[in-house]
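Subject: Structure for your files

Hello,

Here is the structure we spoke about. My notes follow it.

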Amino acid sequence: MLIKVLGSAAGGGFPQVNCSCRNCADARLGKPGLLPRTQSSLAVSRDGQTWVLLNASPDLRQQVAARHELAPHAQAGVRSSPIKAVVLTNGDVDHIAGLLSLREGVAFTLCASERVLGALIANSIFDVLDRRLVPRVPLPIGKPLELTHFGISLGLTMEAFPVPGKVALYLEDPTAGSALGTRVGDTIGLRISDPATGAAFFYIPGCASIDGGLAERLRGCALVLFDGTLYSDDEMIAQGLSTKTGKRMGHISMSGRDGSIAAFRGLDVKRRIFVHINNSNPVLRPDSPERAEVERAGWEIAFDGMEIQL
Ligand code: MLT
Ligand code: MN
Ligand code: ZN
């Protein structure tokens, strides 16, 4: 199984269009080590020929242009794409807006939870994706689904499971109490496996906390790509960027007693990689003490173009 990180940043990307935080300003200046990052997406393939996108980033066009594997195959006709399926983990803008860049008659299977498919149905702009070319397949929660494209297996199985999180920002219901109207299926994690080899990994780009069930699910696995939005829960407030904590945004932080680094300790996960990294996060600076701390704890920081073979 081949995994490529197309975009390693959280919503807004790095640098973000309206942001002059220290990280964004230094990235704009081209300071060494502060690599620009596009918004959150992975590509996965069993054979290197057909590809599945995990989330469709607003930067999808740029991401596809940067990766020759995702270019149309010369022998496949004048209009084609090796992208045969897109699987969504939530309805956030940074995970769905790229669908609009796949509207030019590209045929692919679109998989998401009933909740996220509901958000697409409610936003008629997504009807630009012709359902005869882009069938919408509900992703069952807790039951593995073999991915197919017009009846042909893509050789990958997706298992969706609920993770603690929050409904998409534009669907928040302020009258619904602290849960903001969040329901099962608003945020899912994925276990992606290749039944032919048994290789498997987890992709969880948005997660508010790690409860006992999630910890047991991840115990002993080979690879997790996990929510690395913030280093500290109040980081955006401290930098004057927002009034929201990470918890309010549905994102666990890396550090702290209830952070992801602590929660993964003892779970024996062989490879741990942070994705969906917000531009405010100090781990983006290669010389920061926070980066050193994360690496000391055995974590890697994803970057655009990162490749993993399982
Ligand atoms: C998030 O990850 O919190 C969202 O992408 C926020 C947003 O939709 O802007
Ligand atoms: Mn996001
Ligand atoms: Zn910034």
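**Largest cavity**

The largest cavity holds about 40 Å³ of space. The search of the whole structure finds one cavity of 30 Å³ or more. A cavity here is a set of points, on a 1 Å grid over the protein atoms alone, where a 1.4 Å probe fits but cannot get out; a pocket is an open set with protein on both sides within 12 Å along at least five of seven lines; and lining residues have an atom within 4 Å of a point. Grid points are joined across faces, edges and corners, and a volume is the space filled by probe spheres set on the points. The lining of the largest cavity consists of G91, R115, V116, A119, A168, L171 and D186. By class these are four nonpolar, one polar and two charged, where Ala, Val, Leu, Ile, Met, Phe, Trp, Tyr, Cys and Pro count as nonpolar, Asp, Glu, Lys and Arg as charged, and the others, Gly among them, as polar.

**Basis**

This is a predicted model, in which local features need pLDDT of at least 70 and side-chain atom pairs count only at pLDDT 80 or more, while totals for chains, interfaces and linings use all residues. Residues are numbered from 1 along each chain as its sequence is written, chains are lettered from A and ligands numbered from 1 in the order in which they are written, and side-chain values use heavy atoms, with hydrogens and water left out.

The largest pocket has a volume of about 740 Å³. It is lined by 31 residues, and G11, D94, L169, M249 and H251 are the closest to its centre. Helices α3 and α7 (246-249) each supply at least two residues of this lining; helices (H or I, at least four residues) and strands (E, at least two) are DSSP runs, numbered from the N terminus. The lining of the largest pocket has nine nonpolar, 16 polar and six charged residues.

The second largest pocket contains about 480 Å³ of space. Its lining has 20 residues, with P72, S80, S81, E104 and V106 nearest the centre. Two or more residues of that lining come from each of α2 and β4 (83-87), and α2 gives the most, with three residues. The lining of the second largest pocket divides into ten nonpolar, five polar and five charged residues.

**Metal sites**

The manganese ion (ligand 2) is coordinated by D94 (OD) and H276 (NE2), at 2.1 to 2.2 Å. D94 lies in helix α3 (residues 93-96) and H276 in the loop between β12 and α9, so the pair ties together parts that are 182 residues apart in sequence. Both D94 and H276 are buried, meaning under 20% relative accessible area, with exposed being over 50% and partly exposed in between (1.4 Å probe, protein chains only). Donors are N, O and S atoms within 2.8 Å of the metal (3.2 Å for Na, K and Ca); water is not among the atoms, so sites may look incomplete.

The zinc ion (ligand 3) has C19 (SG), C21 (SG), C24 (SG) and N279 (OD1) as its protein donors, 2.3 to 2.4 Å from it. The donors follow the spacing C-x1-C-x2-C-x254-N along the chain. C19, in the loop between β1 (2-7) and α1 (22-28), and N279, in the loop between β12 (271-275) and α9 (289-296), are 260 residues apart and link distant parts of the chain. C19 is buried, at a relative accessible area of 7%, and N279 is buried at 2%.

**Backbone and one loop residue**

F14 and P15 are joined by a cis peptide bond, with omega about -5°; P15 is in the loop between β1 and α1.

N55, which is not a glycine, has a positive phi of about 75°. N55 sits in the loop between β3 (51-54) and α2 (60-65) and is buried, at 0% relative accessibility.

F150 also has a positive phi, near 50°. F150 is in the loop between β7 (145-149) and β8 and is partly exposed, with a relative accessible area of 48%.

T187 is in the loop between β8 (152-162) and β9 (188-193) and is buried, at 7% relative accessible area. Beyond its neighbours within four places in sequence, T187 is in contact (heavy atoms within 4.5 Å) with T89, N90, F161, P162, V163, G165, K166 and G206.

Regards
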